[in-house]
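Me: Could you walk me through the salt bridges here, with the cut-offs spelled out as we go?

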Amino acid sequence: MTFRRVAKVGNLQAQIVIIGGGGAGLAAAVAAAENSASNVIVLERRGIGGNSALAFGIFAAESPVQRRAMIDCRRDDCFKIAMSFAHWRINPRIVRAFIDKSGDTIRWLEEKGLEFDCVPYYANQIPTWHIPKGGGAALMKVLAQNCKDLGVQLLIRTPAKKILTGLKGEVTGVLAGTKSEEFTVTTKSVIIATGGYGGNKKLLKKYCPDYRDDMECAG
C-alpha cells in the first residue's frame, strides 16, 4: 500500500485534521469518515503505523470474542480491579469510558475483517487480551486500507508544526511541513493523536533520568 508523501503542495482545506498516523489517529480518521465527515486529512511525522504496528494486543471486556468463547469478563469487575490497582489515584471517568467502550471497539474491528484470539495478559487471569491475527501490523494495514477506501488523505513525512487559532482562540488550521516547504491546512477541527514522548530523546532525558541513548527495546 502506498501513501502520499508531500513533495510540493499549496495550502489545503479539511473538515477534520488528525495529527498522528498510528492506531489512535487512523481509528479516529476511519470513524470520522464513517460518520460522514468529508475531507479528512492525517498528518504523520514518520510513516503510517506508529507504536500500534508493534503492539501485542488490545484489552477488552464483554467483547464478541469473549462472548463466543463463553468468557465471563464483566466491565464492572475490570473497573474495580483497575482502580484498586492504581489506589484510586487515576481519573475514574476516563477508566470507566475506556473499559465500557472496549468490547464495542473489538466488534468494530472485527467488522473490518480482523480476527482475534483472546488470552490472559498474565497467568491465571481472566482472558482480556485480544491479539489480532497478524499482530499490530495487520491491524494498521486494515485501518490504513479503510482510510484509503473512505477517501482519507494520509500525508506521511509531513509533521504538524503548530495549531493555528483565531482572535477568539478558535481553531483555524494547522501549520504543517515537509523538508522542502511549509503549508497550512485550513480547518475548524483538530484531533491530536500523537501518543506519548517515547520517540523524543530530549523529553525522555528530561522526564526519565535513567534513559540512555544505547537502550534497546525488548521483544
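Me: Where do the side chains of Arg107 and Asp104 meet, and at what N to O distance?

Reply: The side chains of Arg107 and Asp104 meet in a salt bridge at 2.5 Å, N to O, the term meaning a side-chain nitrogen of Lys or Arg within 4 Å of a carboxyl oxygen of Asp or Glu. This is a predicted model, in which local features need pLDDT of at least 70 and side-chain atom pairs count only at pLDDT 80 or more, while totals for chains, interfaces and linings use all residues. Residues are numbered from 1 along each chain as its sequence is written, and side-chain values use heavy atoms, with hydrogens and water left out.

Me: How many residues apart are Arg107 and Asp104 in helix H4?

Reply: They are three residues apart in helix H4, which means about one helical turn separates Arg107 from Asp104; helices (H or I, at least four residues) are DSSP runs, numbered from the N terminus.

Me: Switching topic, what does Arg68 pair with?

Reply: Arg68 forms a salt bridge with Glu110, at 2.5 Å from N to O. That pair links distant parts of the chain, since Arg68 sits in helix H2 (residues 64-68) and Glu110 in helix H4 (residues 92-110), 42 residues apart.

Me: How many salt bridges in the whole structure?

Reply: A search of the whole structure finds eleven.

Terms used:
Helix = DSSP H or I, 4+ residues; strand = E, 2+ residues; numbered from the N terminus.
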